[in-house]
Amino acid sequence: MKIPNMLDAKKRNKNEVKYTEYNVDFNNFGENKKFYVRTYGCQMNEHDSEKIKGMLSSVGFKSAEDINDADVIILNTCAIRENAHDKVFGFLGVLKHMKQSNKNLIIGLCGCMAQEEVVIKEILDKYKQIDFVVGTHNLDNLLKVLKEKIDTNNRQIEVLSYEGDVVENVPVVRDSKYSAWVDIIYGCDKFCTYCIVPYTRGTQRSRHHEDIINEVKQLVKDGYKEVTLLGQNVNAYGKDIYDNYTLANLLKDVAETGIERLRFVTSHPWDFTDEMVDVIAKYDNIMPYIHLPLQSGSNKILKLMNRRYTSEEYLKLYKQIREKVKDSSVTTDIIVGFPGETEEDFNETLKVVNECKFDGAFTFAYSPRENTPAALMKDAIPEEVKMDRLHRLNEIINKYSNEANKKMLNTIVKCLVISESEKDKNKVCGYTENMKLVNIVGDKSLIGKIVNVKITDTKSFSLDGEYVEEY
Ligand code: SF4
């Protein structure tokens, strides 16, 4: 049993990261069995779940449409906010009942929560329904751990507190046939004081650019239209392994594979260089959409958050992006109620929001994450003050989001149609180049195509449109 240790997870050692190939051969031990994976959190987790499904499928497991038909249920968890934790612990109650009526059911837990010492202690103590845990650093060991559980019937906890290898060619079952996630960098070295990620995902480790480019070339051959490059901080790409090859180089090389649409998330303003902006502006197939977390507009709070930029520097970068990248849209993340945030600090945030007029924002009331520096800070903000600020901020964000969407009314835009609309079977939905969700009157034959769409109506969070013609 290997359980995580937060003190070890906080250390940054100088050990060289190993680059290895996935090499697991367990015959078909999953034959006649079904799995169900439930994912919480960010795009990195979505993509990790595609790898979990890929590894399970590689040894004969089939995907269960309904959770009640599954022999193995895996929760791929998120630790970024308290409510992500609560959702998982709440669902474990449901799984306890399922396990009582099906003694053979196997339940596993992966993802960022698996890396948290407090969580594992709680699981060992109170959540006997969990049969195995695998951490983020050794996810490629999933089959070994699961097989051990099946063979011995003993509970398995395998979580490393130091970075794992960069493992290439892990099997993957992608959720979409048109739009693919591609990891470019794992971990994060920014240590924003409110964030648990540097401890749950470890030090930053870039994949070799040849491996990324080959993966995208294969996706192009397989008919994929869109690729999103993934990392907790994509702008730091290459810094750990190259002297002279950055995200700007990678964007250029991936754009030149001929993929029709190229995106990347998530950006950190501090690592965002002029060269990166120039490359995004130059290539038509790099989509004009950037998610640029602001977090706060107050320099005092930015410093307490260890964000390493000032609001002036953020605004300079923001303006540069808007000026150089034609028809771009920019969204952001903002936290209100960080310890020590005064009304004045909050007004600084509103000032930046009013200047940027973001296309949209993910806004949050600060909640402390155990084991982060911010959790020890004084001057906690009362809940009602946080909620009041969040409410006021959201009103302004929604106003600008509405305004940005209204500008697109009656224009004809290119959309990659990705699925049927959930609400209306006579509609499909897709994304514009600048990442606006559009519900389109049209039939299922459009799914997987890039089509021209006329925008007929706009809302705060989506657009309505009519199919015009194939692009
Ligand atoms: S950049 Fe900051 S917020 Fe983003 S993952 Fe790294 S530490 Fe967390």
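This is a predicted model: local features need pLDDT of at least 70, side-chain atom pairs count only at pLDDT 80 or more; totals for chains, interfaces and linings use all residues.
Tutor: Local features need pLDDT of at least 70, side-chain atom pairs count only at pLDDT 80 or more, and totals for chains, interfaces and linings use all residues. Residues are numbered from 1 along each chain as its sequence is written, and side-chain values use heavy atoms, with hydrogens and water left out.

Student: What makes a space a cavity?

Tutor: On a 1 Å grid over the protein atoms alone, it's a set of points where a 1.4 Å probe fits but cannot get out. Of its 17 lining residues, Lys 51, Thr 136, Leu 139, Asp 165 and Tyr 186 are closest to the centre.

Student: Which residues of α5 are called buried?

Tutor: Buried means under 20% relative accessible area (1.4 Å probe, protein chains only). Leu 142, Leu 143, Val 145, Leu 146 and Lys 149 of α5 (residues 142-152) are buried.

Student: Why are they said to be on the same side of α5?

Tutor: They cover an arc of only 165° around the axis, so they sit on the same side of α5. That arc is taken from the directions from the helix axis to the C-beta atoms.

Student: What covers the buried residues of α5?

Tutor: The cover includes α2 (43-58), β4 (72-77), β5 (106-111), β6 (132-134) and β7 (156-158), where contact means heavy atoms within 4.5 Å.

How values were computed:
Buried means under 20% relative accessible area, exposed over 50%, partly exposed in between (1.4 Å probe, protein chains only). Helices (H or I, at least four residues) and strands (E, at least two) are DSSP runs, numbered from the N terminus. On a 1 Å grid over the protein atoms alone, a cavity is a set of points where a 1.4 Å probe fits but cannot get out, and a pocket is an open set with protein on both sides within 12 Å along at least five of seven lines; lining residues have an atom within 4 Å of a point.
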